[in-house]
Amino acid sequence: MKPVISIYIPALRPNLWLRLYESLLGNKVSFEIIFVGHVPPSYKLPQEMRYIYSPVKPAQCAEIGLRNCRGEYCIFIPDDVIFAEKSLDILYEEVSSYNDNVLVSSIPYLDGERLDFSYYNFW
(Lines give C-alpha, C1' and ligand atoms only; values in the text may rest on other atoms or scores of the structure.)
Protein backbone atom coordinates (compact mmCIF):
# COMPACT_ATOMS: atom_id res chain seq x y z
CA MET A 1 0.00 0.00 0.00
CA LYS A 2 1.32 3.43 -0.93
CA PRO A 3 1.95 5.61 2.14
CA VAL A 4 0.15 8.94 2.49
CA ILE A 5 3.09 10.67 4.20
CA SER A 6 6.78 10.15 3.52
CA ILE A 7 9.33 11.31 6.06
CA TYR A 8 12.84 11.61 4.66
CA ILE A 9 15.93 12.04 6.76
CA PRO A 10 19.65 12.51 6.16
CA ALA A 11 20.66 10.23 8.99
CA LEU A 12 23.69 8.96 10.87
CA ARG A 13 22.29 7.94 14.27
CA PRO A 14 20.48 4.60 13.85
CA ASN A 15 20.31 4.28 17.64
CA LEU A 16 17.56 6.97 17.54
CA TRP A 17 15.51 5.66 14.62
CA LEU A 18 13.25 3.26 16.49
CA ARG A 19 12.38 5.99 18.98
CA LEU A 20 11.16 8.15 16.08
CA TYR A 21 9.26 5.21 14.58
CA GLU A 22 7.56 4.39 17.89
CA SER A 23 6.43 8.02 18.26
CA LEU A 24 4.45 7.61 15.01
CA LEU A 25 2.69 4.33 15.71
CA GLY A 26 -0.50 5.91 17.13
CA ASN A 27 -1.34 7.64 13.83
CA LYS A 28 -4.07 6.36 11.51
CA VAL A 29 -2.57 7.91 8.37
CA SER A 30 -0.08 5.61 6.65
CA PHE A 31 3.55 6.68 6.56
CA GLU A 32 7.03 5.67 5.53
CA ILE A 33 10.37 6.82 6.90
CA ILE A 34 13.40 6.98 4.61
CA PHE A 35 16.83 7.26 6.19
CA VAL A 36 19.76 8.15 3.94
CA GLY A 37 23.38 8.19 5.09
CA HIS A 38 26.60 6.29 5.59
CA VAL A 39 25.82 4.60 8.94
CA PRO A 40 23.58 1.54 8.47
CA PRO A 41 21.38 0.21 11.26
CA SER A 42 22.50 -2.95 13.07
CA TYR A 43 18.92 -4.21 13.35
CA LYS A 44 16.10 -5.16 11.00
CA LEU A 45 13.92 -2.17 10.11
CA PRO A 46 10.11 -2.28 10.39
CA GLN A 47 8.28 -2.37 7.05
CA GLU A 48 7.50 1.38 7.21
CA MET A 49 11.20 2.23 7.37
CA ARG A 50 13.83 2.15 4.62
CA TYR A 51 17.55 2.77 4.70
CA ILE A 52 19.51 3.95 1.66
CA TYR A 53 23.28 3.90 1.91
CA SER A 54 25.03 7.01 0.67
CA PRO A 55 28.46 8.43 1.60
CA VAL A 56 27.55 11.97 0.50
CA LYS A 57 26.85 15.10 2.58
CA PRO A 58 23.53 15.68 4.43
CA ALA A 59 22.04 18.00 1.79
CA GLN A 60 22.68 15.40 -0.89
CA CYS A 61 21.26 12.67 1.36
CA ALA A 62 18.11 14.77 1.77
CA GLU A 63 17.78 15.03 -2.02
CA ILE A 64 18.17 11.26 -2.36
CA GLY A 65 15.53 10.75 0.33
CA LEU A 66 13.08 13.14 -1.33
CA ARG A 67 13.49 11.43 -4.69
CA ASN A 68 12.65 8.09 -3.08
CA CYS A 69 9.46 9.25 -1.33
CA ARG A 70 6.31 7.39 -2.36
CA GLY A 71 3.82 9.36 -0.27
CA GLU A 72 1.42 12.06 -1.35
CA TYR A 73 3.01 14.44 1.17
CA CYS A 74 6.63 14.72 2.30
CA ILE A 75 8.22 15.83 5.56
CA PHE A 76 11.93 16.61 5.97
CA ILE A 77 13.35 16.19 9.50
CA PRO A 78 16.65 15.39 11.28
CA ASP A 79 17.05 11.92 12.79
CA ASP A 80 16.79 13.04 16.43
CA VAL A 81 13.14 14.16 16.23
CA ILE A 82 10.16 12.50 17.85
CA PHE A 83 6.54 13.38 17.14
CA ALA A 84 3.76 14.13 19.61
CA GLU A 85 0.77 11.80 19.68
CA LYS A 86 -1.29 11.82 16.48
CA SER A 87 0.92 14.52 14.89
CA LEU A 88 0.71 13.02 11.40
CA ASP A 89 -3.07 12.69 11.64
CA ILE A 90 -3.37 16.34 12.68
CA LEU A 91 -0.98 17.55 9.96
CA TYR A 92 -2.76 15.48 7.32
CA GLU A 93 -6.19 16.75 8.38
CA GLU A 94 -4.93 20.33 8.22
CA VAL A 95 -3.22 20.13 4.84
CA SER A 96 -6.06 18.17 3.22
CA SER A 97 -8.56 20.85 4.24
CA TYR A 98 -7.00 23.30 1.74
CA ASN A 99 -7.64 23.35 -2.01
CA ASP A 100 -4.34 25.03 -2.87
CA ASN A 101 -0.74 24.03 -2.32
CA VAL A 102 0.18 24.87 1.24
CA LEU A 103 3.05 24.37 3.61
CA VAL A 104 2.02 23.10 7.03
CA SER A 105 4.46 22.87 9.90
CA SER A 106 4.44 21.77 13.50
CA ILE A 107 5.62 23.67 16.57
CA PRO A 108 9.04 22.54 17.85
CA TYR A 109 9.53 21.57 21.51
CA LEU A 110 12.70 20.60 23.34
CA ASP A 111 12.45 18.70 26.63
CA GLY A 112 8.77 19.65 26.87
CA GLU A 113 9.43 23.36 26.38
CA ARG A 114 8.27 25.21 23.28
CA LEU A 115 11.26 26.56 21.36
CA ASP A 116 11.50 30.26 20.62
CA PHE A 117 10.84 30.37 16.91
CA SER A 118 9.75 33.99 16.57
CA TYR A 119 12.45 34.51 13.96
CA TYR A 120 10.54 32.03 11.73
CA ASN A 121 7.50 34.30 11.49
CA PHE A 122 6.98 35.62 7.98
CA TRP A 123 3.89 37.70 8.62
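This is a short chat about a predicted model of one protein.

Q: In what order do the elements run from the N terminus on?
A: The order is β-α-β-β-α-β-α-β-β.

Q: How many of the residues count as buried, in percent?
A: Of the 123 residues, 37% are counted as buried. The accessible surface is about 8500 Å², and carbon and sulfur atoms account for 54% of that surface.

Q: And the contacts, what share is between residues 24 or more positions apart?
A: Taking contacts with a separation of 6 or more, 66% are between residues 24 or more positions apart.

Q: On to H1. Which of its residues are buried?
A: Trp-17, Leu-20, Tyr-21, Ser-23 and Leu-24 are the buried residues of H1. They lie on the same side of H1, because the arc they cover around the axis is only 160°.

Q: Why would residues a few places apart in a helix point the same way?
A: An α-helix has 3.6 residues a turn, so residues three or four places apart point the same way.

Q: What covers the buried residues of H1?
A: The cover includes strands E1 (5-10), E2 (31-37) and E3 (49-53), along with helix H3 (87-96).

Q: Where is Ser-23, and is that residue buried or exposed?
A: Ser-23 sits in helix H1, which spans residues 17-24. Ser-23 is buried, because its relative accessible area is 17%, under the 20% cut-off.

Q: What does the side chain of Ser-23 reach?
A: The side chain reaches the backbone nitrogen of Phe-83 at 3.0 Å. A polar atom of the Ser-23 side chain is also 2.7 Å from the backbone oxygen of Leu-20.

Q: Which residues does Ser-23 touch, not counting those up to four places away in sequence?
A: Ser-23 touches Ile-82, Phe-83 and Ala-84.

Q: Different topic. How many disulfides does a search of the whole structure find?
A: The search finds 0 disulfides.

Q: Is Cys-69 buried or exposed?
A: Cys-69 counts as buried, because its relative accessibility is 16%. Cys-74 counts as partly exposed, at 40% relative accessibility.

Q: What about Glu-32, is that one buried or exposed, and where is its place?
A: Glu-32 is in strand E2, and a relative accessible area of 2% makes Glu-32 buried.

Q: What lies 2.7 Å from a polar atom of the Glu-32 side chain?
A: The backbone nitrogen of Arg-70 does.

Q: Which other residues is Glu-32 in contact with, leaving aside neighbours within four places in sequence?
A: Besides Arg-70, the contacts of Glu-32 include Pro-3, Ile-5, Ser-6 and Ile-7. Also among them are Glu-48, Arg-50, Asn-68, Cys-69 and Gly-71.

Methods. Residues are numbered from 1 along each chain as its sequence is written. This is a predicted model: local features need pLDDT of at least 70, side-chain atom pairs count only at pLDDT 80 or more; totals for chains, interfaces and linings use all residues. Side-chain values use heavy atoms; hydrogens and water are left out. Helices (H or I, at least four residues) and strands (E, at least two) are DSSP runs, numbered from the N terminus. Buried means under 20% relative accessible area, exposed over 50%, partly exposed in between (1.4 Å probe, protein chains only). A polar contact is a pair of N or O atoms within 3.5 Å; within protein, one must be able to donate a hydrogen and the other to accept it, and residues adjacent in sequence count only if both atoms are side-chain atoms. Contact means heavy atoms within 4.5 Å. A disulfide is a pair of cysteine sulfur atoms within 2.5 Å. Accessible areas come from the Shrake-Rupley method with a 1.4 Å probe; for residues, only the protein chains shown count as cover. The arc is that of the directions from the helix axis to the C-beta atoms.
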